[in-house]
Amino acid sequence: MRTGAVLNGRRILLIVAGGIAAYKTLELTRRLVERGASVRCVLTEAGAQFVTPLSLSALSGDKVYRDLFSLTDEHEMGHIRLSREADLVVVAPATADILARMAGGLANDLATTLLLATDKDVLAAPAMNVRMWEHAATRANLATLRERGIRFVGPDEGEMACGEYGPGRMAEPAAILDAVEACFAARGRLRGRAALVTSGPTREALDPVRYIGNRSSGKQGHAIAAALARAGARTRLVTGPTHEPDPAGVEVVRVESAREMLEACRAALPSDVGVFAAAVSDWRPAREAGRKMKKSDGAPAAVELVENPDVLASVAAAGNARPALVVGFAAETDDLLANARRKLEAKGCDWVLANDVAPRSGTFGGEENTVRLVSADGVEDWPTLAKDAVAERLASRIADWFDARAEAAE
């Protein structure tokens, strides 16, 4: 990414909440300004216990806002205007308290009022004790905020000020800066492109009640569809049964079986890019019972299975309707890279994102993913990231691919 090019002239509203990690926001502010961004800082009452308004003002070159009921501030820069004039809102450190208030829609100080009033993207950098990070209330708040489109960077794992060790350290300023740049870099880069994404599991009926399925939650596929839409692509999401909310700005087609998914994907062609994140059942029962099978009928001696159509391979072999870039997923429990390379060749796709879904990984149904991008050019190792961060990274790589293709054609 070209230093300064992405952030030059961008307006960042930085909300500094209360936590020992607040000291890192001084470095973050300096780096943002160096990259050409305009930074306005909002300091919470708790945040002022760790950094001073004078420090933030000196580094940002602008006034620091603190009081929701300041008559002068409200006259010169009302809180609605303050939130709307920003191009991006950054919350760092995003403590357990402010995340809870964001999730609850509270507006009991200037920071939370701005967050409730803004119509701009919000990037949060969580920072808290490991027990607070792992608490069920925090996990629920994070899930709620992710559903609303809030983006996250970090937290990192390491030793904390309290002496404990684990996830909860706020991301370093350089990582937050990269995340800020990624928010802007992705905007509009895929405008004019059409994207097809599959997500979730498929269900193959045994009878009108029972089915063969898998543990896929659809979190990763839905996040990818949302990221591609944010980057400007006209995105169609073909999804099996999930509890995930529909991503904003995405056309959603719901299916049950692998055959229905293939039919819906073919109907979505032609497309510029196809990302096949769904966990499609390899087999289905050869016969579906017309009524619910009863215990009194006796257990069937065997359930005969037949092979399902291969959605990824079928779209990759769709001739002129084939997407220019076809991305598959290899969800494996062992021999990750070997299986991913075999899939890349056998399915005829351009990239495969290989991820470990062994029970120990917590990938199915979890909030994080560790993937490797496998292509004919080799293997890219990506760090463990939140699934929405994986999606943003993939959308950026897809945009890079189309940019390089356009440059080569000139």
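**Close-up 1. Asp-310 pairs with Lys-347 in a salt bridge.** In this predicted model, the closest N and O atoms of Asp-310 and Lys-347 are 2.2 Å apart. A salt bridge here means a side-chain nitrogen of Lys or Arg within 4 Å of a carboxyl oxygen of Asp or Glu. Asp-310 sits in the loop between β16 (305-307) and α12 (311-316), and Lys-347 in helix α13 (residues 336-347), so the contact ties together parts 37 residues apart in sequence. Helices (H or I, at least four residues) and strands (E, at least two) are DSSP runs, numbered from the N terminus. Asp-310 is partly exposed at 27% relative accessibility, and Lys-347 is partly exposed at 22%. For these terms, buried means under 20% relative accessible area, exposed over 50%, and partly exposed in between (1.4 Å probe, protein chains only).

Residues are numbered from 1 along each chain as its sequence is written, and side-chain values use heavy atoms, with hydrogens and water left out. Because this is a predicted model, local features need pLDDT of at least 70 and side-chain atom pairs count only at pLDDT 80 or more, while totals for chains, interfaces and linings use all residues.

**Close-up 2. Asp-121 meets Arg-151.** Their closest N and O atoms lie 3.5 Å apart. The loop between α6 (110-117) and β5 (122-126) carries Asp-121, and strand β6 (residues 151-152) carries Arg-151, so parts 30 residues apart in sequence are tied together. Asp-121 counts as partly exposed at 26% relative accessibility, whereas Arg-151 is buried at 8%.

**Close-up 3. Arg-146 forms a salt bridge with Asp-388.** Here the closest N and O atoms are 3.7 Å apart. The structure holds 29 salt bridges.

**Close-up 4. The second largest pocket has a volume of about 970 Å³.** A pocket is an open set of points on a 1 Å grid over the protein atoms alone, where a 1.4 Å probe fits, with protein on both sides within 12 Å along at least five of seven lines; lining residues have an atom within 4 Å of a point. Of the 42 lining residues, Ala-278, Ala-279, Val-280, Asp-282 and Lys-343 are the closest to the centre of this pocket. Helix α13 gives the most to the lining, with 5 residues.

Definitions and conventions. Grid points are joined across faces, edges and corners, and a volume is the space filled by probe spheres set on the points.
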